Amino acid sequence: MSIKIIGLGNRLYGDDAVGSLTAACMEELGLPAFDAGANGFLALSAIENGDIVFFIDIVQMDEEEGIFKVDLDKADFVEITDPHRLTPLQVLSLSARSNNRPKEAYIVGIKPEYIDWPGISDAAIKRLEKVLQKFKKFISTYGIDVDIDKVIQCVKSKSKEPW
């Protein structure tokens, strides 16, 4: 069993970059993270049978942020309507179809403030910092330590760069 942190998001669209940049920064800090960018098929290639997977992505929701456990039995056959943009649930559905379903999956979600060219909003950065506090506590049970200050500093430094 291994832990995978997978960031999803298009860096050209403002707050949508949060997941991608966070995973890239975590990877630079030596954490088991993978930046799939806007390509969910890359995320699929990072998942192996039996993994515990955390997706970091923006989510259109009422909450400002949160960590949500995915019921994998209900995610097995999610319809894919746009093959150019896969959501975490669609990636998990494809992983099940390819017999590479993870053991557990979670979505670390951040509500976007805006999706516009480029740069992450201050509101999304604050939400990211808040959810990373919860994430740090949760993932520490797997022996992984996240330096939130370094992750946030890195995300801020990269947030105005579209690639």
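## Strand β1 and its neighbours

Strand β1 (residues 3-7) and strand β2 (residues 33-35) run parallel, joined by 3 bridges. The model is predicted.

Strand β1 also pairs with strand β3 (residues 52-58). Here the two strands run parallel too, with 5 bridges. I6 stands opposite F55 in β3.

| Partner of β1 | Bridges | Direction |
|---|---|---|
| β2 (residues 33-35) | 3 bridges | parallel |
| β3 (residues 52-58) | 5 bridges | parallel |

How covered is β1? Of its 5 residues, 5 are buried. I3, I5 and G7 point one way from the strand. K4 and I6 point the other way. Both groups are buried. In a regular strand, side chains alternate between the two faces of the sheet.

Now the whole chain. It has 5 helices and 5 strands. Along the sequence they follow the pattern β-α-β-α-β-β-α-β-α-α. The radius of gyration is 14 Å, close to the 15 Å that the globule rule gives for 163 residues, so the chain is as compact as a globular protein of that length. Its C-alpha atoms fill a box of roughly 40 × 35 × 30 Å along the principal axes.

Of the 163 residues, 52% count as buried. The accessible surface of the chain comes to about 8,000 Å². Carbon and sulfur atoms account for 50% of that surface. Among contacts between residues at least 6 apart in sequence, 73% join residues at least 24 apart.

How values were computed:
Residues numbered from 1 in each chain as written. Predicted model: local features only at pLDDT ≥ 70, side-chain atom pairs only at ≥ 80, totals over all residues. Heavy atoms only, no water. Buried < 20%, exposed > 50% of the residue type's maximum accessible area, 1.4 Å probe, protein only. Helix = DSSP H or I, 4+ residues; strand = E, 2+ residues; numbered from the N terminus. Pairing = 2+ DSSP bridges. Rg over C-alpha atoms; globule rule 2.2 N^0.38 Å. Contact = heavy atoms within 4.5 Å. Areas by Shrake-Rupley, 256 points an atom, 1.4 Å probe, with all protein chains shown as cover.
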